[in-house]
Amino acid sequence: MNIQSFGEYKNIFACDLFLSEKNKLYHKNPKDKINYAKWLNRQLGFLDTTGLQVLQDHSAAFEKLTGVEENIYSITRREFSGNPRVLFFSIVENAEEEIFVLLVAFKERSNGDYKRYIEVAKERKKTILQILKEEEE
């Protein structure tokens, strides 16, 4: 699994698996793909500049997942085709500059989808942290 900077953002990175999932979200509907991409870029801009303050400032789109010990967060566009979700985590919290890693992108079509992708996000986070730890050594 590779981690790379995401877009023009200073503090946002993504795992390569996230990138392919995001690109598949609306591959059959170019209009929705464009609209969702614009919306997501705007939300990521808020995250990049204000950090986890977005949980309060933009609570309609951002939330900390409840019942998940791993500090995983969600970007949600509830009233959009397919109910898209992006799960991410913060590597450095409560610092001047937080670093965020986008883990997984999916459409929530049932409650089971959310539970399944939370587990995927946990595993990816664990792998990413292990990779970063090995790079430090």
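Student: Is Leu52 buried or exposed?
Tutor: This is a predicted model, and in it Leu52 has a relative accessible area of 13%. Buried means under 20%, so Leu52 counts as buried.

Student: Where is Leu52 found?
Tutor: In the loop between H2 and helix H3, residues 54–57.

Student: How far apart are Leu52 and Glu63?
Tutor: In space, 9.5 Å, C-alpha to C-alpha. In sequence, Leu52 and Glu63 are eleven residues apart.

Student: Back to H2. What follows H2?
Tutor: Gly51 does, and its phi is positive, near 65 degrees.

Student: What should H2 span, and what do its end C-alpha atoms give?
Tutor: H2 covers residues 30–50, which is 21 residues, and at 1.5 Å a residue it should span 30 Å. Its end C-alpha atoms are 30 Å apart, so the two agree.

Student: Which residues of H2 are buried?
Tutor: Asp32, Tyr36, Trp39, Leu40, Gln43, Leu44, Leu47 and Asp48.

Student: Which of its residues are buried?
Tutor: In H4 they are Asp113, Tyr114, Ile118, Ala121, Arg124, Lys125 and Ile128.

Student: What about Glu136, buried or exposed?
Tutor: Glu136 is exposed, at a relative accessible area of 71%. Its place is in helix H4.

Student: Which residues gather with Glu136 in a patch on the surface?
Tutor: Glu134, Glu135 and Glu137 gather there with Glu136, and the patch is one of negative charge.

Student: Which residues make the nonpolar surface patch?
Tutor: Ile91, Val92 and Leu129 make that patch, which is about 200 Å².

Student: Where is Val92, and what is its relative accessible area?
Tutor: Val92 sits in the loop between E5 and strand E6, residues 100–107. Its relative accessible area is 34%, so Val92 is partly exposed.

Student: New topic. What is phi of Asn83?
Tutor: Near 55 degrees, a positive value in a residue other than glycine.

Student: Where is Asn83 found?
Tutor: In the loop between strand E4, residues 72–76, and strand E5, residues 84–90.

Student: And why does Asn83 count as buried?
Tutor: Because its relative accessibility is 18%, and the cut-off for buried is under 20%.

Note on methods. Residues numbered from 1 in each chain as written. Predicted model: local features only at pLDDT ≥ 70, side-chain atom pairs only at ≥ 80, totals over all residues. Heavy atoms only, no water. Patch = residues over 30% accessible without salt bridge, like charges linked within 9 Å, V, L, I, M, F, W, Y side chains within 5 Å. Areas by Shrake-Rupley, 256 points an atom, 1.4 Å probe, with all protein chains shown as cover. Salt bridge = Lys/Arg side-chain N within 4 Å of Asp/Glu carboxyl O. Lys, Arg positive; Asp, Glu negative; His and termini not counted. Charge placed at Lys NZ, Arg CZ, Asp CG, Glu CD. Helix = DSSP H or I, 4+ residues; strand = E, 2+ residues; numbered from the N terminus. Buried < 20%, exposed > 50% of the residue type's maximum accessible area, 1.4 Å probe, protein only. Expected span 1.5 Å × (residues − 1).
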